[in-house]
Amino acid sequence: MNAVLIALLVLPLFGAALTLAPVFGPDRAVAGRRALRLNTVVTGAVFLLAVALAAGFDHDEPARMQATTDVSWIPALDVRLHLGVDGVSLPLVVLTALLTFLCALYSEKRLPDGADVPSAQAFVGLFLLLEVGMLATFAVLDLLLFFVAFEIVLIPMYFLIARWGSGAKVPAASRFILYTLLGSAVMLLGFLLIGSKAGTFDMQALATAHGGGLSHTTQVIAALAILVGLAVKAPAWPLHSWLPDAHTAAPTVGSVLLAGVLLKMGTYGLVRVLLPVVPDGAATLAPYLGAFAAVGIVYGSLACLALARPGAKGDLKRLIAYSSVGHMGFVLLGIASLTPVGVNGALFANIAHGLITGLLFFVVGALKDRYGTADLDTLSGATGAALYGRAPRLGVLLAFAAVASLGLPGLAGFWGELLAMFGAFDPADGLSRPAFVTYMVLAGLGTLLTAAYLLIVVRRVCMGDPTQPAPVAELTDLRPYEAVSWTPLAALTLLAGLWPALLLGLSDPAVKHLLGGG
């Protein structure tokens, strides 16, 4: 299985390199179409490898690191090419492979605005390089390699936004890369401090030591640096301000991957690095992380309510971006509880958010393509956009994703938020229970506000009078390539909601192992 994991990383890297070679023919249009087909084939093969990795995974021992490779990379620094997956990282690897494949399928038929077939080679090369960085982040087990993988994704995403985005795309892309580069630089300082004091950058060895050999002061300083760096990517309030602009400007596939995968890199790093490597530092900072998480939940929901009201000229993509601030607040709250229940809830919410928000951005991107805008007032008109009457399949998918996002029982969004709140209700020993109960109450208020703004969106976009004049002459309903790209996300949202043990059975032993010094 280690060969499968290596192939997961090498195949898209090879595909990205292939886009630079003159192998697609002299005709740029023909070369572009072949590059798009290559993108689909490579990402499809990567997804099949991810499925094979999941099928070959020993589900009886999800806490054990599997499919491992461990060879020396930089002997002078004792940096090793150490790869592996466990019950924490495996679902994220599969989610990443799935979303990139679905985005590649979608892009083959619908390139971003401003793109043309002759420019597709550059688009595909950046897209595949982005996939390499995302997959590597969840597979590497060395702190410096983690940093390298964490950084690889920044340049491709910058160009996806700045070159193929819309609106104020260059300022949005610049803010995205400046925020994340600054956060990454601070995170690297924390990694270097740990490596210099512990004598190794190996994440497994550091997790096994569980803070051994690191003084309390060292742990707190390192934990603060790592937390700040990862909180920017999560993003945690108040370090979130780059996110709404990036989502509003990004092309549809860029928004899907940004919300579905890149945000998860920050929260995954907290579970993989912060909790097991510097446990004393994590315990010291947990109350503050919980407070910021609770504020972020309420803040994100209030921002969405303001955007959803009539006359606010709220952009639907911007609204979903702010909703991500609230949803990722639940993830951060679960992690801050330092309990198996809370951390399991955070990991479940990670996957659920990737599925649901990926679907939301796909649907909203399709509406923007059809209407020429994602402005909610323009879409809804005087009576409502009446998607149920004009494009019923699109309307049903939007409503389904919205009720899944608000945490309806039976769908994936429910379990992560519930378990994160349970974790806050009874936090780990040494944490203030009254403070975390307060955070839980604020999170509960956030769920009510979330339901309010999402139901307003559904009412304004899906309901209305279909006989009234529409902003466009003819609204095309769900196209075949859209159905193929989006149906797996809807099906998995339902499956995860009805069968939560599918994910919790993987993550629970691994989480207990990490929290206990595994």
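**Rings, a cavity and a helix**

Visitor: What makes Trp237 partly exposed?
Guide: In this predicted model, Trp237 has a relative accessible area of 25%.

Visitor: Why is the pair of Trp237 and Phe292 called tilted?
Guide: The ring centres are 5.9 Å apart, and the planes stand at 45 degrees. Pairing needs centres within 6.5 Å; stacked is under 30 degrees, edge-to-face over 60. Trp237 is in the loop between α9 and α10, Phe292 in helix α12, 55 residues apart. Phe292 counts as partly exposed, at 40%.

Visitor: Why is the pair of Phe123 and Trp164 edge-to-face?
Guide: The planes of Phe123 and Trp164 are at 80 degrees, with centres 5.5 Å apart. The cut-off for edge-to-face is over 60 degrees, so the name holds. Phe123 belongs to helix α4 and Trp164 to helix α6.

Visitor: How do you know whether Phe123 and Trp164 are buried or exposed?
Guide: Buried means under 20%. Phe123 has 0% and Trp164 has 3%, so both are buried.

Visitor: What makes up the lining of the second largest cavity?
Guide: Four nonpolar residues, five polar and one charged. Helix α14 gives the largest share, five residues. The cavity holds about 100 Å³ of space.

Visitor: How do you know what span helix α19 should have?
Guide: At 1.5 Å a residue, its 30 residues should span 44 Å. The end C-alpha atoms are 42 Å apart, which agrees. Gly464, with a positive phi near 130 degrees, follows α19.

How values were computed
Residues are numbered from 1 along each chain as its sequence is written. This is a predicted model: local features need pLDDT of at least 70, side-chain atom pairs count only at pLDDT 80 or more; totals for chains, interfaces and linings use all residues. Side-chain values use heavy atoms; hydrogens and water are left out. Helices (H or I, at least four residues) and strands (E, at least two) are DSSP runs, numbered from the N terminus. The expected span of a helix is 1.5 Å times one less than its number of residues. On a 1 Å grid over the protein atoms alone, a cavity is a set of points where a 1.4 Å probe fits but cannot get out, and a pocket is an open set with protein on both sides within 12 Å along at least five of seven lines; lining residues have an atom within 4 Å of a point. Grid points are joined across faces, edges and corners, and a volume is the space filled by probe spheres set on the points. Ala, Val, Leu, Ile, Met, Phe, Trp, Tyr, Cys and Pro count as nonpolar, Asp, Glu, Lys and Arg as charged, and the others, Gly among them, as polar. Rings of Phe, Tyr and Trp (its six-membered ring) pair if their centres lie within 6.5 Å; planes under 30 degrees apart count as stacked, over 60 as edge-to-face and the rest as tilted. Buried means under 20% relative accessible area, exposed over 50%, partly exposed in between (1.4 Å probe, protein chains only).
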